[in-house]
Amino acid sequence: NSPRFLRASPAPSFASPAPPAKQQPPTSGHVSSTDSTRAEGLNNNNNMDGGSRVVEVKSTAALNPTTEEAVPVGSREEDAGCCGQWTFTWLSSLMVKGYKEELVMDDLPSLQHSFRTEVLVGEFETHAKMPGATVGGSMYAMVRPTMWLSGLYMAIYTGCQVAQPLLLRFLIDAISNQQFNGIYYVIGLYLAQAIGAMCNQQHLHQMFQVGQKLRAVSMAVVFRKSIQLSLSQMTGWTTGQIVNLMSNDAQKFFELMPQFHLIWAAPLQIVLTSYLLIASLGYPALAGIAMLVGLIPINTALARVLDRLRKAHLPVTDRRIKLCQESLGAMLIVKLFSWERNMLHKIYGLRGEESTFVKKEMHIWSIQIFLMIMIASLAMAITFTAYVLDGNKLDAS
């Protein structure tokens with residue numbers, strides 16, 4: 001393991017280096033002066049030879065890396081059975097190992113073949129080459145089977161959500177009337193909760209996977225396009241804008257997909273629950289529905305404020321990323337003229353403006369979450385209050 005000095009041949013020649021001269025190992029624990037003088041002379045000769053360089057090799061293990069890969073803990077999802085995929089037991093061994101000790105990168109399961117970027121880009125290009133294909137249509141064609149299957153899971157989950165209060169009401173009526181068929185309602189209520197929860201988790205899991213695929217494809221396509229454009233074609237686009245497209249904008253696919261099916265599921269739930277409320281409580285149920293409808297303009301106003309903040313936020317992000325790229329690209333000039341403090345002052349100033357916008361966006365987002373959590377309980381209280389004020393008796397059912 002003692003250091004050896006190998007003299008590389010001048011480019012473009014790739015001849016093998018001459019074997020080193022045989023030397024007697026030193027008898028003591030330090031290198032002899034003769035060996036030191038010989039090494040220094042070889043180093044000086046190499047430095048005087050134009051186009052050659054000295055490479056220090058401390059171990060032969062670095063020249064012969066092992067080709068064996070670490071076996072990941074836990075089976076991959078695609079190798080798990082139907083029961084394992086529904087219950088996510090293919091992650092159990094990884095969870096147990098993470099509980100016992102700290103996980104490292106080799107412990108994680110390998111990425112599925114269908115999630116590799118080269119595979120996803122290949123599928124996208126295959127659909128994009130079809131006549132009349134568009135970018136959005138090609139992306140949808142990639143994930144169409146998964147989206148339709150997750151839509152089926154969402155429909156089952158919606159049905160279970162609507163069925164639960166009906167089964168609970170029938171169970172309360174059966175107990176109040178001392179009927180013995182309440183056990184069927186108990187079983188039905190349990191199945192509705194269990195099946196609804198499992199379908200909801202499968203729907204979210206698959207839609208997160210769809211978001212992962214679309215994010216990876218958009219990042220890869222934008223990056224490939226950016227390196228193929230000439231300087232004249234890049235007019236109007238900065239490096240900061242391109243990096244922002246690959247980082248922030250591509251992330252929106254991942255954030256949007258889990259909520260995508262609410263476009264049709266939310267109106268369906270609203271219509272079904274409104275009909276059931278009116279059928280059960282009569283016209284007093286309209287008070288709670290009016291409360292929900294009154295929230296729409298408030299959410300719309302908050303969404304517009306959030307949109308204006310993001311439109312003002314993104315140009316600041318582009319300017320900061322552009323300034324960082326220019327500073328790194330011209331670091332020699334920055335160091336030569338001692339402009340480090342000035343550049344850091346400008347970058348921190350832009351980051352401060354970004355932080356101001358981020359805080360405002362988080363405030364708006366927190367208000368929306370607060371309204372979403374509060375409105376359900378408030379609408380229920382208003383509905384029952386109107387029902388009692390109308391002269392009806394409020395019982396358990």
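**Entry 1: Gln 112.** I began with Gln 112 and found it buried, because its relative accessible area is 15% and the cut-off for buried is under 20%. I note here that I am working from a predicted model. I then looked up where Gln 112 sits, and its place is in the loop between helix 3 (92-100) and helix 4 (117-128). Setting aside the neighbours within four places in sequence, I listed the contacts of Gln 112, and they are Glu 77, Glu 78 and Gln 209.

**Entry 2: helix 4 against helix 6.** I looked next at how helix 4 and helix 6 are placed. For any such pair I want two quantities, since two packed helices are described by the angle between their axes and the distance between the axes. For helix 4 and helix 6, I read that the axes come within 9 Å and cross at roughly 80°. I therefore wrote the pair down as roughly perpendicular to each other, as the angle falls in the range of 65 to 115 degrees that carries this label. On the side of helix 4, I recorded Thr 117, Leu 120, Val 121, Phe 124 and Glu 125 as making the contact, and on the side of helix 6, Lys 213, Ala 216, Val 217, Ala 220, Val 221 and Arg 224.

**Entry 3: a nonpolar patch.** Which helices each supply at least two residues of the nonpolar patch? I traced them to helix 5 (135-176) and helix 6 (182-228), and the largest share, seven residues, comes from helix 6.

**Entry 4: the chain as a whole.** Finally I looked up the totals. I counted eleven helices and two strands in the chain, and from the N terminus on I wrote the order of the elements as β-α-β-α-α-α-α-α-α-α-α-α-α. Of the 397 residues of the chain, 24% count as buried, and Gln 112, where I began, is buried. The accessible surface of the chain comes to about 27,400 Å², and I noted that 63% of this belongs to carbon and sulfur atoms. For the contacts with a separation of 6 or more, I found that residues 24 or more positions apart account for 73%.

Key: Residues numbered from 1 in each chain as written. Predicted model: local features only at pLDDT ≥ 70, side-chain atom pairs only at ≥ 80, totals over all residues. Heavy atoms only, no water. Helix = DSSP H or I, 4+ residues; strand = E, 2+ residues; numbered from the N terminus. Buried < 20%, exposed > 50% of the residue type's maximum accessible area, 1.4 Å probe, protein only. Contact = heavy atoms within 4.5 Å. Axes fitted to C-alpha atoms, helices over the stretch in contact; angles between N-to-C directions. Parallel < 35°, antiparallel > 145°, perpendicular 65-115°, else oblique. Areas by Shrake-Rupley, 256 points an atom, 1.4 Å probe, with all protein chains shown as cover.
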